[in-house]
Amino acid sequence: MQEKGNISIHTENIFPIIKKFLYSDNEIFLRELVSNAVDATQKLKRLSSLGEFNGDTDGLQVEIKVDADRKTITISDQGIGMTAEEIKKYINQVAFSGATEFMEKFKEAKDAKEIIGKFGLGFYSAFMVADKVEINTLSYQQGAQPARWICDGSTEFEITDGDRATRGTEITLYINEESEEFLEESKLRGILNKYCQFLPVPIKFGTRTEREPDGEDEEGKPKFKEVTVDDIINNTAPIWTKAPGELSDEDYLNFYRELYPFSEEPLFWIHLNVDYPFNLTGVLYFPKIKNELELQRNKIKLFSRQVFITDEVKDIVPEFLMLLHGVIDSPDIPLNVSRSFLQADGNVKKINNYVTRKVADKLSELFKTDRKSFEEKWADIGLFVKYGMISEEKFYDKAKDFVLLENVNKEFFTLEEYHNKTKDLQTDKEGNVVYLYSNDPARQHSFIQGAEKRGYDVLLMNSPLDNHFIGQMESKLEKVRMKRVDADVVDKLIEKEEKIESILSEDQSKMVKDLFDKAINKPMMDVEVTGLSPDELPVTVTMDEFMRRMKEMAKTGGGMMNFYGSMPDKYKVSVNGNHKLIQLMLNSKDEATQQQLARQAFDLALLSQGMLTGADLTEFVNRSVALIGQN
Ligand SMILES: Nc1ncnc2c1ncn2[C@@H]1O[C@H](COP(=O)(O)OP(=O)(O)OP(=O)(O)O)[C@@H](O)[C@H]1O
């Protein structure tokens, strides 16, 4: 038999065009051809289980070989094979019908890349790297004749009788000049590891030597011999294909190590398994995140029936879940994922919601069953939970019951517990419960101490997301305000009805203000004389909560925020009129001494917050030395 024909493509130059646009990703030819070989093998197994094929299906494998001299790569399987009729139908028509459609769409397309993503490349992706492709195949059907198909990348093909003696298909690629890199064994191995690591049929790529026990020597010590075995590059039964009940913790940990060698152990994991309304399996691991938000991304691998697709899972899992590691396998996601496809696909949204829910459920379960360990892991989990709460409404609704607030004394509270803890002492005159927080306990030590002396509690909010988280809590929690502990003097942090009166007369207050204004002599320092408890510090320097937040936002945001960003830093200098130092100042009639005392008290306030630097610090030290010397 010999038959020549024309593949039904109207445009002659289809391959050069496809090649050109797909060049950056041309390694996927191997994924496509190996998965076809795996499919053919799986089909045979299915026929066997249906009783439609009676031969042996044990030990079926797919083999990849490179011949650097002949410049060929062959992919062979022992699957169902094809008859000449089937080649015509599946290769000439089916495999290439995509190409025809592709060309039609391509002609009117504005963005070629988008179009490419929508089409399964399938068999003809072979022409991205090969000048000529040959199929040698023998169908499993009784009495089938072997067939050979050759195509040189033009639209012409040739089918002849083949000489293959065993069932299955062998595809030979005659690698073109630009693609010779694929003839390197290490290159090919890398691609196989990337795409085929978990395919369900053993993939053989060459051989390797192994040590095998070989009896005992004269002294009774075990002997070993070197044997050559097939190098099977894949794990055919990765854990996500198994039922959770069959798996131990060690299995999950081992799989994690297989995915991410040299990584720290994960904190815990979730086994995903759903078959309605979409199919999805997978295992997601919670890594130790700490603060390296950016570094951790792109660690989830996406598979479709155990074929690796991509590790860019944006759009398939919500943004915050991209911090997780692991695998997701869904046949409902096509091999060639394109952004536009994902955005339009209803399943993707459902997958998104499902994964979010499962993650929230798992966290909730951990919290309920072992709160102590949950608290211990909070440094890692916390960032993730907060990220989720900020970015996903659905996640917020679940996480609000297990998100923890940590105070500066390393105690943990749920939102409800914290509210109950603080509501009595920390409610202001407008009925708002004011949550105090510190983003830098070492620096804000004196403020924290002051607040704690009042019986107030101070939260620790020092993670990179806390600014957003604080904003979110205020908008979600009714009548809760957040204030950084150094936003004002402690008496005014939480404004109450009762006021401590200043013992100074109006004139005296005015005098003290003038004295300080003069001594400080800085336009960004606003002096205010107020009556605080006598045991509060004589001078405290603060920046208003609103102003500080606006400035912080201006650093990251733009637009309206620029207005605040461009304003100079403004601080409030609260002078405690009830402190005995102020009396001392007023009693001294010598203005120079008064000035010196005012400046010294101001500098001490700056010093306690690490704000005293440069020439001011030097001057302070000199002045202090002089003051000690006076006694
Ligand atoms: N190794 C093989 N053994 C048996 N049949 C094969 C083999 N390779 C390809 N075929 C047949 O050719 C058809 C076309 O293959 P092609 O890869 O282009 O598309 P596909 O596998 O159906 O879909 P996809 O675009 O997702 O790869 C297959 O559906 C299959 O029937």
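**Reading the labels**

Buried residues account for 35% of the 631 residues in the chain. The model is a predicted one.

Q: What makes asparagine 36 buried rather than exposed?
A: The call is a count. A residue is buried if 20 or more other C-beta atoms lie within 10 Å of its own. Asparagine 36 has 21 other C-beta atoms within 10 Å, so it is buried. Asparagine 36 sits in helix 2 (residues 28-49).

Q: Why does methionine 82 count as buried?
A: The cut-off is 20 or more other C-beta atoms within 10 Å. Methionine 82 has 25 C-beta neighbours inside 10 Å, and therefore counts as buried. Methionine 82 is placed in the loop between strand 3 (72-77) and helix 3 (84-108).

Q: Which residues is methionine 82 in contact with, leaving aside neighbours within four places in sequence?
A: They are Ile87, Tyr90, Thr137, Ser139, Ala147 and Thr169. A contact requires C-beta atoms within 7 Å.

Q: Where does UniProt place the feature "binding site"?
A: The unreviewed UniProt entry puts it at Glu32, Asn36, Asp77, Met82, Ser97, Gly98, Thr169 and Arg339. Such annotations may be inferred rather than shown by experiment.

Q: What makes strand 4 and strand 7 a pair?
A: Two strands pair if DSSP finds at least two bridges between them. Strand 4 (residues 130-138) and strand 7 (residues 168-175) have eight bridges, in the antiparallel sense. They pair. Valine 133 stands opposite leucine 173 in strand 7.

Q: How do you know that strand 4 also pairs with strand 5?
A: The test is at least two bridges. Strand 4 and strand 5 (residues 147-151) have five, again antiparallel. Here glutamate 134 stands opposite isoleucine 150 in strand 5.

Q: What are the domains of the chain?
A: Domain 1 (2-205), domain 2 (239-373), domain 3 (404-493) and domain 4 (506-542 + 567-630). The centres of domain 3 and domain 4, taken over C-alpha atoms, are 28 Å apart. Their contact takes nine residues from domain 3 and nine residues from domain 4.

Q: Which elements give two or more residues to the side of domain 3 that touches domain 4?
A: Helix 13 (445-453) and helix 15 (490-493) do. The residues of that side divide into three nonpolar, two polar and four charged.

Q: How many helices and strands does the chain have?
A: There are 21 helices and 22 strands. A helix must run to at least four residues, a strand to at least two.

Definitions and conventions: Residues numbered from 1 in each chain as written. Predicted model: local features only at pLDDT ≥ 70, side-chain atom pairs only at ≥ 80, totals over all residues. Domains from an automatic or database assignment. Contact = placed C-beta atoms within 7 Å. Nonpolar A, V, L, I, M, F, W, Y, C, P; charged D, E, K, R; others polar. Buried ≥ 20, exposed ≤ 12 C-beta atoms within 10 Å, placed from the backbone.
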